[in-house]
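Student: Could you help me learn to read a protein structure, feature by feature?
Tutor: Gladly, let's look at it together.

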Amino acid sequence: MTIANPKSKKNQVRINDEIRFRELRLIDAEGQMRGLVPLNEALDLAYESGLDLVLISPNPDNPVARIMDYGKFAFEQSKREREAKKKQKSTEVKEVQIKLTTEEHDTNVKVRNALRFLGNEDRVKVVIRFRGREMSYQNQGYAVMKNFAEACSELGSIDRQPIMEGRNMVMYLAPLSNKEKKERAKAAESKNRNNNETTEVEAQALSSGE
């Protein structure tokens, strides 16, 4: 049984002698609800089991406690929090500027950059700057944005549709989730399989017609 320090302010969860309710709803070590039980009886049950009485719901109208190994519980919870913190990555916003009329080579370079950013789990801000009379070709800008997003669809999707901000058209791409990546990979695999089957059928038709 964990020895609680009633003077410690670091314990966010009240356990054992820190609990002040006269009676509470008790969940035993097997996870069974025992109903409303006096605090002393709950403490005795925890002591007999060599475990702790942990207050999991401090609601004054309906306090709930559970018998468990609090030391093990706190260790595992701390471990999960550390692992989650390691996996956390601050998402950055990377900017890619494209032109209303861009040569294929330059477009491919911009797409590769965007894919690299998306692969690093960063959002991508795609910007088209309209110069002079280009402002009258905004519809063309939307088409360029759509084509750029489709070129990046392997790793990203549109997070915010393109809109005009002054003389700039701005669109945001966000990295795909793992679930989305699996779904798109599965769809691509299915499409390739269907294409291969169609090619085989066409080849057989040509062969039989010769």
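**Strands, helices and bridges**

Tutor: Let's begin with a pair: strand 1 and strand 2 run antiparallel and are joined over five bridges. This is a predicted model, in which local features need pLDDT of at least 70, side-chain atom pairs count only at pLDDT 80 or more, and totals for chains, interfaces and linings use all residues. Residues are numbered from 1 along each chain as its sequence is written, and side-chain values use heavy atoms, with hydrogens and water left out.

Student: What makes two strands a pair?
Tutor: Strands of a sheet pair through backbone hydrogen bonds, either parallel or antiparallel. Here two strands pair if DSSP finds at least two bridges between them. Strands (E, at least two residues) and helices (H or I, at least four residues) are DSSP runs, numbered from the N terminus.

Student: Which residue stands opposite Glu23 in strand 2?
Tutor: Pro38 does. Strand 1 and strand 2 form a hairpin, with five residues between them. In the turn, Gly31 has a positive phi of about 85°.

Student: What is the order of the strands in the open sheet?
Tutor: The four strands of this open sheet follow the order 2-1-4-3, and their pairing is mixed. Strand 2 (33–38) and strand 3 (52–57) are the edge strands, each pairing on one side only. From one strand to the next, the twist averages 35°. Such angles run from 0 to 180 degrees between N-to-C directions, using axes that are lines fitted to C-alpha atoms, for helices over the stretch in contact.

Student: How many bridges join strand 3 and strand 4?
Tutor: Five bridges join strand 3 to strand 4 (residues 64–68), in the antiparallel sense. Asp52 has Met68 in strand 4 as its bridge partner.

Student: Which helix lies across strand 1, strand 2, strand 3 and strand 4?
Tutor: Helix 1 (residues 39–49) does, running at about 125° to strand 2. Contact means heavy atoms within 4.5 Å.

Student: Is Asp28 buried or exposed?
Tutor: Buried means under 20% relative accessible area, exposed over 50%, and partly exposed in between (1.4 Å probe, protein chains only). Asp28, with 7%, is buried, whereas Arg34, with 46%, is partly exposed.

Student: Which residue forms a salt bridge with Asp159?
Tutor: Arg123 does, with 2.6 Å from N to O. This pair links distant parts of the chain, 36 residues apart: Asp159 sits in strand 7 (residues 156–165) and Arg123 in strand 6 (residues 123–129). Asp159 is partly exposed at 42%, and Arg123 is partly exposed at 25%. Arg160 and Glu165 also form a salt bridge, their closest N and O atoms being 2.8 Å apart.

Student: How many aromatic pairs are there?
Tutor: Rings of Phe, Tyr and Trp (its six-membered ring) pair if their centres lie within 6.5 Å; planes under 30 degrees apart count as stacked, over 60 as edge-to-face and the rest as tilted. By this rule there is one aromatic pair.

Student: Why is the pair of Tyr70 and Phe73 called tilted?
Tutor: Their ring planes stand at 40°, so the pair is tilted, and the ring centres are 6.1 Å apart. Both residues lie in helix 2 (residues 70–87), three residues apart, about one turn of the helix. Tyr70 is buried at 15%, while Phe73 is partly exposed at 28%.

How values were computed. A salt bridge is a side-chain nitrogen of Lys or Arg within 4 Å of a carboxyl oxygen of Asp or Glu.
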